[in-house]
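Welcome! Take a moment to look over the sequence and the fold, and then let us walk through a few places inside it together.

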Amino acid sequence: MVAVIYSDDYLQHQVPYGHPERPARLTAIVQALQTVPWRASIRWLSPNAHRPVEQYLGWVHTPTYLERLSAICAQGGGYLDGDTPVSAKSDRVARLALCGWLDGVDWVLDRGETVLVCARPPGHHALPDNGMGFCIFGNAAMSALYALKVKHLTRVAILDWDVHHGNGTQAMVETHPNIAFCSLHQAHFYPGTGYPEERGRYNNVLNIPIPAHQDFRVYADLLNTQVLPFLRHFAPQLLIISAGYDALASDPLAQMNLQPQDYGEMTRILQSLNCPLLFGLEGGYHLDALAAAVVATLAACRFPVPN
Ligand SMILES: [Zn+2]
């Protein structure tokens, strides 16, 4: 079995017409998962909205930012930065997305099933003091901190395979010795960070910029020769995947050449770590390819991994 955490409330973060980070992304994923031949292997879970999220938000975000976000939503919506719109309910939806990610941490650790958090808005660009790049809260970073502080793990890793560098996640965890962060991303691209020289205070950060137009052979080689050795050395008790699907060849925002089934193969490579896996949705803007790639990811997870 695999677990998918989803709520229709995630559609209530509304964006202007034509914005790529739109509710239809989730609808496409849900419809695809509901029609796969192995759909009986999917356990659908609703996020727990009753978590003390203000406490968790305070771990990484400034009070000033949280107040500004609430004020913008209370007046009906606006923009956090030039490409990050929020609507009237976005602050509540973003909190519910965080709840979903934290539910995922609980579920994968307590129940041993791989989880996909099918939530929006995404989070890996969000900075401590502002949202940016379609992202509002640092879900992956807070999930890692939650696993340390609440679930009492001592080593948590985050792998960000979204085509954009996870600058916000890195900013939140790079000084934390118990969190390792690795990002694979298109070189010389938004948001302009993620150079190999950025290694974290404890050598706990691995940034791998990749030239545009590369395909799965390059990704597989980098995963096997750089990412796996980095993660094996750190020996995480939980691996959180900031699962963006915008390195797909058909994605309108980037220039990488992955195919949907490649995400299944990348997942199988990560399974060799024998570590619990939590996938949380970040980017991915071609609806059909996004849905097919999520299906490929979870298809690789529905059977227990043989040791
Ligand atoms: Zn992205």
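Predicted model: local features only at pLDDT ≥ 70, side-chain atom pairs only at ≥ 80, totals over all residues.

Let us begin with the core. The largest nonpolar core holds 97 residues, and among these Cys 118 and Ala 144 touch the most other members. Helix 4, spanning residues 90-111, gives the most to this core, with 11 residues. Leaving aside residues up to four places away in sequence, Ala 144 touches Val 156, Ile 158, Val 173, Ile 179 and Ile 240. In soluble globular proteins, nonpolar side chains tend to be buried together.

Is Val 93 buried or exposed? Val 93 counts as buried because it has 25 C-beta neighbours inside 10 Å, and the cut-off for buried is 20 or more. Tyr 10 is 83 residues from Val 93 along the chain, yet their C-alpha atoms are separated by 5.9 Å. Not counting residues up to four places away in sequence, Val 93 touches Asp 9, Tyr 10, Gln 12 and His 13.

Our last stop is helix 9, residues 287-299, which has 13 residues and reaches 18 Å from its first C-alpha to its last, close to the 18 Å expected at 1.5 Å a residue. Its buried residues include Ala 289, Leu 290 and Val 294. Here are the elements that the buried residues of helix 9 pack against:

| Partner of helix 9 | Residues |
|---|---|
| Strand 1 | residues 2-5 |
| Helix 1 | residues 24-34 |
| Strand 5 | residues 115-117 |
| Strand 9 | residues 238-243 |
| Helix 8 | residues 260-271 |
| Strand 10 | residues 277-281 |

Definitions and conventions: Residues numbered from 1 in each chain as written. Core = buried A, V, L, I, M, F, W, Y, C linked by C-beta atoms within 7 Å. Buried ≥ 20, exposed ≤ 12 C-beta atoms within 10 Å, placed from the backbone. Helix = DSSP H or I, 4+ residues; strand = E, 2+ residues; numbered from the N terminus. Contact = placed C-beta atoms within 7 Å. Expected span 1.5 Å × (residues − 1).
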